[in-house]
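Please look over the sequence and the structure shown here before reading on. The paragraphs after it are meant to be read with the model open beside them.

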Amino acid sequence: MDALEGLTVLDFTSHLAGPYCTRLLADMGARVIKVERPDGDPARTVQPFLGDQPGPDRGATWHYLNTNKESVVVDLTKPDAGGVVRRLMARAQLAVTSSAPLVERELGIDYARLSSYADIPVVSITNFGHDGPYRDYRLSDTVLYAMGAEMYSHGLADREPLKLGGTAAILQGGAMAAVAAMGAITAYEVHGVGQLIDVPLFTVQISNIDRRSSSILAYRFSGRVQQRPQGAGGLAGGVYPVADGFVEVTATAGNYWRRFVDMIDDDALRDPRWENPMMAMDPAAKEEADGIVYPWMLSRTRAEVWDEARKVRAMVAPIYDGTDLFGDENFRARGLWAEIEHPEIGKQPMLGRPYIFEKTPWRIRSAAPSLGQHTDAVLGEAGFSTAEIGRLRAEGVVA
Amino acid sequence: MNEYLPLKGVRICDFTAVWAGQTATMYLADMGAECIKVENPFIWNPMTRAASPRINAMVAAILPPWIAGHPPEPGPRPWNNSPAFIQVLRNKKSFTVDSRRPEGLEIVKQIIRSSDIIAENLALGTLEKLGLSDEAIRAERPDIIILHMPAFGRTGSYVEGRGYGAHIDSVAGSTILRGYRDSSPSDNAGIFAGDYWGGMHGAFALMAALRHRRRTGEGQVIEMAQVESSAHMFPQAALDAAWNGRAHHSVGNRSIEGFVPNGVFPTAGTDRWIAISCRSDQEWRALVEFLGNPAWAASAAMATVAGRAENEDALEEHLAQWTATRERDELFHALQAAGVTAGPVLHAGEAAEDPHLAATGAWKRLPATEDYPEVDWLRPAYRFTKSDIDLRTPPCLFGEHNDYVYRELLGFDEDAVERLRAEGHIASTFAPEALENG
């Protein structure tokens, strides 16, 4: 039995944030009906592609975000689309949108309209929410991270601030929306209430606990503003080069320093004078420590350093890239990687379960759908006759 | 409005620490779960209530604000006013018990018997050492949901691995993707994106398990290895590796989505920056027009993404020269009005004062306590129109709810409470040995 079995989600989202939210639901067993526009979700055009050959069913990002979903093509700009949406809503327990507030209204998928069809929860992911001065402003992952108050303190003091990798900030919005969606589903199932849930990506970034909401509270408490650092502080710590890449080290005074010293296993570092907190501030002391630590690091691979670190529980870990993560036997054996099978791209590896459920496993039931693959079946279930579907197709309302 | 709280009636026995775990249970507490934080007066749990149990104004001032931006005079209980940790304690309750002693463990078991969830992200094996293996927990409460959030997994070759957010980000493939294009990862500052991510996914998993239990009466164990959940924050890099054998490294502030330009540019003043993305040729044309159609931008070669990508270094240089003399916020609004995706790089103080956040109700003012002044606090990131999902009760102070837990919940009488207080289980501050080790 799946945890979210019996739950139907009507998914109007596209691109990254919304599809990530509904994918989390789909992977736990919800039936997610993706209402796609006739020219397809823009995520179908996002790189990377299998073999670098673009195609609507060849994108890794597209497949990643849309496994386990069904695609129904509806042109929401057509007046008759409302009748289709109405009948699909009647069979759903949750709707998710990710269009700008003005676009929501143009497409007839704003909360007022959707809730007139069925009083179910509607999770609405927007850039800046449904009101306020920035309501209609545009966002990209980089702009989002910039405004989220963390970029300013990420990077080096004398250079420009830095973003996170990939599209992390946007996907964080999708994850937060999924948490909201579970709350909304619970309120609906337990209390019988439908409602609008507004998930602004900007507010999600500001609320992020990794250094930005804490930096904001720190500002309110102390008046101090978190700056970009001058470099790693302390006797040891930060990123070190090793024979085949880099490792991340935490060796702050106390236990973590002692474990780090146990890992390096050089008696010169066991001298109690290193435990004096003032040593950490002394550049000469750091240079002396580096003189021992760097050669140790550079003569070992990441795997060797991590092996040594784990023996003494030192706070050290290798810096992996995607190929390392894919190649790591341990994560493979644990099940981090799953597989999809699709008529065009065949069998391909797919990032697998983010969590292991004892009774209701995360699982892939189907690869991402081709455009409109489920239009006929879903409309048929919703009560449209073959003739009606034919008429809607002829008029370009569905495809 | 409280009747629409989704998780009203759900109780969490909360053993979480640091950020990821405490954030996961915070989301559930926001939604109405009664989250009871189990705290031990004899143990200083690192990076859970503050960076250090003894911090004075002088030390705080030399450490970075995010971790040590306490009120100017941190006072005797810095664990009640650390900006890094106290926020994740909102809507929660705190009680103290020395769970290493048999009578303490029995008290924890009593809590477990009336709990729906037990959540933890302690160093692997810590709960088992206390006598709280999954089996022992289920012996007390067979239908309980147990969430473990280990760093690298409860099985496999890395079970002895230890790590905080920085180490999780390293293995998950996050760290290698951020940094300057022209410098090594050793220039990276710590950003712990995986903590937030892990917290959200932990909360999501728990609510999915709660749904299954509502329908079947069945509890279960969930293991969420933080590295494995965090790998999902970078699917493009992970899958390009898996499908095409290509390793992604940092692209600086450039886009992996094919947006050119995409970057962070200087504006007038000191350390003021604006982020600009052209997400389509249309946005590029809007930018060129906004710039006044300069020759470098108006050429046919620049009209396409491919052309702009070929000339990206020069393009960025031209754009940076142009932005360098403009006022940041004027530029932000003007570019947005012109149809270009742009936004200021806000620092913490500017975000705190941002007019949009204020207008949309991002903050709620809480009264001063003995430990911190009256300031605005973050509310949950999302707004439910019917359910009162909000900052309803302030961050729980250490031991603040001992009376509630011992008297109301567990029904101890006055004598028992006095005895437990004398034995050190019930406390409103840490014992000297905990402070010594902190």
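What follows goes from one chain as a whole to the interface, and then to single residues.

This is a predicted model, in which local features need pLDDT of at least 70 and side-chain atom pairs count only at pLDDT 80 or more, while totals for chains, interfaces and linings use all residues. Residues are numbered from 1 along each chain as its sequence is written, and chains are lettered from A and ligands numbered from 1 in the order in which they are written.

Chain B holds 20 helices and 12 strands, where helices (H or I, at least four residues) and strands (E, at least two) are DSSP runs numbered from the N terminus. Its C-alpha atoms fill a box of roughly 85 × 50 × 45 Å along the principal axes. Of the 438 residues in chain B, 57% are buried; a residue is buried if 20 or more other C-beta atoms lie within 10 Å of its own, exposed if 12 or fewer, and partly exposed in between, with C-beta atoms placed from the backbone. Among the contacts in chain B with a separation of 6 or more, 69% join residues 24 or more positions apart, a contact being two residues whose C-beta atoms, placed from the backbone, lie within 7 Å.

Between the chains, 134 residues of chain B are in contact with 120 residues of chain A. Helix α8(B) gives the most to the chain B side, with 15 residues, and that side divides by class into 72 nonpolar, 46 polar and 16 charged residues. Here Ala, Val, Leu, Ile, Met, Phe, Trp, Tyr, Cys and Pro count as nonpolar, Asp, Glu, Lys and Arg as charged, and the others, Gly among them, as polar.

Which helix of chain A does α8(B) cross at roughly 25°? The partner is α7 of chain A (residues 168-191), whose axis comes within 9 Å of that of α8 of chain B (residues 193-216); axes are lines fitted to C-alpha atoms, for helices over the stretch in contact, and angles run from 0 to 180 degrees between N-to-C directions. The two helices are therefore roughly parallel, since angles under 35 degrees count as roughly parallel, over 145 as roughly antiparallel, 65 to 115 as roughly perpendicular and the rest as oblique.

Two single residues complete the tour. B:Y4 lies in the segment before β1 (11-15) of chain B and counts as buried because it has 20 C-beta neighbours inside 10 Å. Although B:Y4 and B:S387 are 383 residues apart along the chain, their C-alpha atoms are separated by 4.7 Å, and the contacts of B:Y4 include A:A187, A:H191 and A:V193 as well as B:K386. A:V312, in the loop between α12 (302-311) and β9 (315-318) of chain A, is partly exposed because 17 other C-beta atoms lie within 10 Å. Leaving aside neighbours within four places in sequence, A:V312 is in contact with A:R259, A:D262 and A:M263.
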